[in-house]
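Keep the viewer open as you read.

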Amino acid sequence: MCSLGLVKLTAPLERVLRVLLADPVAPHYGYDLMKAANLASGTLYPMLARLQEEGLVDSQWEDRSPDAGGRPPRKYYRLTAEGARVARLELAHASTASASTRRVAARPAHGTPGSAL
Amino acid sequence: MSGTEPVQRIAEVLIRASCRRLPEDERAERCKEWSAELPAILDDTSIRLPILRAVRALRYSAGISRTTRQLSRASGRSAQAGAAGWRDGAMSARAAGPGSRMTIGVIVWLVVIFAAVSLLRAHPDPNSWPFILLLALAAAFDAFCLIDIARASQVRYLPKWAWALICLAQCPGGGIVYLCIGRVGRAQSAPPSSAQRP
């Protein structure tokens, strides 16, 4: 019910969700998110595509004629209502979970989880 | 402003090439979305040096290549879940090695050429320091590649003399191609060379 479905909450995803949640109604374009979440395009866009597939994020083309300022129209992303709800729950869950894993990870035998990407 | 145009065009070409991996119905829209981000990167005043903005834009388009590879793999998996889809994914993962190294090589080459051309355009006099500096760098790079080929126990895909000719024929490009795909890393080359000796 309150899960991201097929999407696992990785550190980069957590950063993106935090940026999107900071102002849930504000639209963000790709480069904006890359800078705010400090992610490479090769990490961000597959993530956005999966979030969109799950219905947690929707996108919208910028409403402006292409020759208005010489700049082509951008695609903007923002959380859906469901996405905002799920993101809040997941982030709250993650912050309590990380507090408890930090105690567990103090033992040196604990291996570092490899990056899934 | 005019200096960023060639970079933007190169990045657009790279993005368009990456988008060819996507299914036809989403290709045009994705391509449009990602190309529209390039002006934002190239005009990003928080990055002060124009050359760093150019590098950022090229890295962005390299990331798009990774993105489309992942998206096409994901859509392939959902379209044909089964042995065929799995094998397809495994094969594309294996083929990504030399291909992605080649992409990095092309990007490095473009950055080098871009830096050299802008430097020479600013100082067109053949006796000026940038000209001599570039010649010295080119000679040093060629010498490095030739020595590396001579000392390597084995090289990939082509015989050693062919790689040496390629390095000499196109000064930064040939050497970069050799380093990206022809060179065998030390860790990989050690076991076969010791096995050959006895």
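## Where the chains meet

Chain A puts 14 residues into the contact and chain B puts in 14 residues; two residues count as in contact if their C-beta atoms, placed from the backbone, lie within 7 Å. On the side of chain A that touches chain B, the elements giving two or more residues are α2 (30-37) and α3 (41-53) of chain A. The biggest giver on that side is α3(A), with five residues. Sorted by class, the side of chain A that touches chain B holds eight nonpolar, three polar and three charged residues. Here Ala, Val, Leu, Ile, Met, Phe, Trp, Tyr, Cys and Pro count as nonpolar, Asp, Glu, Lys and Arg as charged, and the others, Gly among them, as polar.

A word on the ground rules. This is a predicted model, where local features need pLDDT of at least 70 and side-chain atom pairs count only at pLDDT 80 or more, while totals for chains, interfaces and linings use all residues. Residues are numbered from 1 along each chain as its sequence is written, and chains are lettered from A and ligands numbered from 1 in the order in which they are written. Helices (H or I, at least four residues) and strands (E, at least two) are DSSP runs, numbered from the N terminus.

## The nonpolar cores

A nonpolar core is a set of buried Ala, Val, Leu, Ile, Met, Phe, Trp, Tyr and Cys residues joined through C-beta atoms within 7 Å. Buried means that 20 or more other C-beta atoms lie within 10 Å of a residue's own, exposed means 12 or fewer, and partly exposed is in between. The largest core has 36 residues, and the members touching the most other members are Val16(A), Leu44(A), Leu48(A), Ala11(B) and Ala57(B). At least two residues each come from α1 (11-22), α2, α3, β3 (75-79) and α4 (81-105) of chain A, and from α1 (4-19), α2 (24-42) and α3 (50-79) of chain B. The largest share, six residues, is from α3(B). There is also a second, separate core of seven residues, including Cys167(B) and Tyr178(B).

## Helix α2 of chain A

Just after α2(A), Asn38(A) has a positive phi of about 55 degrees.

## The sheet in chain A

What order do the three strands take? They form an open, antiparallel sheet in the order β1-β3-β2 (chain A). β1 and β2 of chain A are at the edges with a single partner strand each, so one side of each has no neighbour in the sheet. Strands pair if DSSP finds at least two bridges between them. β1 (residues 28-29) of chain A meets β3(A) over two bridges, and β2 (residues 57-61) of chain A meets β3(A) over five bridges.

| Residue | Bridge partner in β3(A) |
|---|---|
| Tyr29(A) | Tyr76(A) |
| Gln60(A) | Tyr76(A) |
| Asp58(A) | Arg78(A) |

## Over to chain B

Chain B has eight helices and zero strands. Of its 198 residues, 22% are buried.

In α1(B), 16 residues reach 22 Å from first C-alpha to last, close to the 22 Å expected at 1.5 Å a residue (1.5 Å times one less than the number of residues). Its buried residues are Val7(B), Ala11(B), Leu14(B), Ile15(B), Ser18(B) and Cys19(B). Seen down the axis of α1(B), these fall within an arc of 135 degrees, so they line one face of the helix. The face turned away from that buried side carries the exposed residues Glu5(B), Arg9(B) and Val13(B).

Conventions: Arc of directions from axis to C-beta.
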